[in-house]
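Q: I would like to learn to read a fold from its coordinates. Can we go through one model, feature by feature?

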Amino acid sequence: YGGEEFVVIMPGADLDGTLQRAEVLRDAIERWQPKYEQQTVRGITVSIGVAAFPTHGDSWQQVVKAADQALYTAKHAGRNRVVPATVQDDTVMLP
């Protein structure tokens, strides 16, 4: 999506299923130990923001924005976590 960010689109997936898959991905990345110049690289983590259509927006742009806001919440909360966007009063709110 930009910089060190990317988007995963899961057609037909509900929010709970998406959160579970995101956690599996986060855990796999945390346990991954790639090698670089014969040295094991440790400490790789990922923060993930999750949003779903139409829960978090009526357009793909709104859903991506909600996921991006949740991503920044994950980063500010200490990184290496999955954070869902939340909806309150028809407005996307952060948890």
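The dialogue below goes from the overall layout to single residues.

A: Start with the ground rules. This is a predicted model: local features need pLDDT of at least 70, side-chain atom pairs count only at pLDDT 80 or more, and totals for chains, interfaces and linings use all residues. Residues are numbered from 1 along each chain as its sequence is written, and side-chain values use heavy atoms, with hydrogens and water left out.

Q: Which elements does the chain have, and in what order do they run from the N terminus on?
A: Helices (H or I, at least four residues) and strands (E, at least two) are DSSP runs, numbered from the N terminus. Here there are 2 helices and 6 strands. Their order is α-β-β-β-α-β-β-β.

Q: What share of the contacts joins residues at least 24 apart?
A: Contact means heavy atoms within 4.5 Å. Take the contacts between residues at least 6 apart in sequence: 48% of them join residues at least 24 apart.

Q: Which residues make up the largest nonpolar core?
A: In soluble globular proteins, nonpolar side chains tend to be buried together. A nonpolar core is a set of buried Ala, Val, Leu, Ile, Met, Phe, Trp, Tyr and Cys residues joined through side-chain atoms within 4.5 Å. The largest one holds 8 residues: A51, V63, A66, A67, A70, A74, V83 and A85. Helix α2 (residues 60-76) gives the most to this core, with 5 residues. Apart from it lies another core of 7 residues, including L19, I48, V50 and V82.

Q: Is A74 buried or exposed?
A: A74 is buried, with a relative accessible area of 0%. A74 sits in helix α2. Beyond four places in sequence, A74 touches S47, I48, R79, R81 and V83.

Q: Now a charged residue. Is R26 buried or exposed?
A: R26 is buried, at a relative accessible area of 9%. R26 lies in helix α1 (residues 15-31). Not counting residues up to four places away, R26 touches V46, I48, N80, R81 and V82.

Q: Which side chain joins that of R26 in a polar contact?
A: A polar contact is a pair of N or O atoms within 3.5 Å; within protein, one must be able to donate a hydrogen and the other to accept it, and residues adjacent in sequence count only if both atoms are side-chain atoms. The partner of R26 is E23, at 2.6 Å.

Q: Where do the backbone angles call for a second look?
A: Most residues other than glycine have a negative phi, and most peptide bonds are trans. The peptide bond from F53 to P54 is cis, with omega near 0°. P54 is in the loop between β3 and α2. R79 has a positive phi, near 70°, and N80 has one of about 55°. R79 is partly exposed, with a relative accessible area of 49%.

Technical notes:
Buried < 20%, exposed > 50% of the residue type's maximum accessible area, 1.4 Å probe, protein only.
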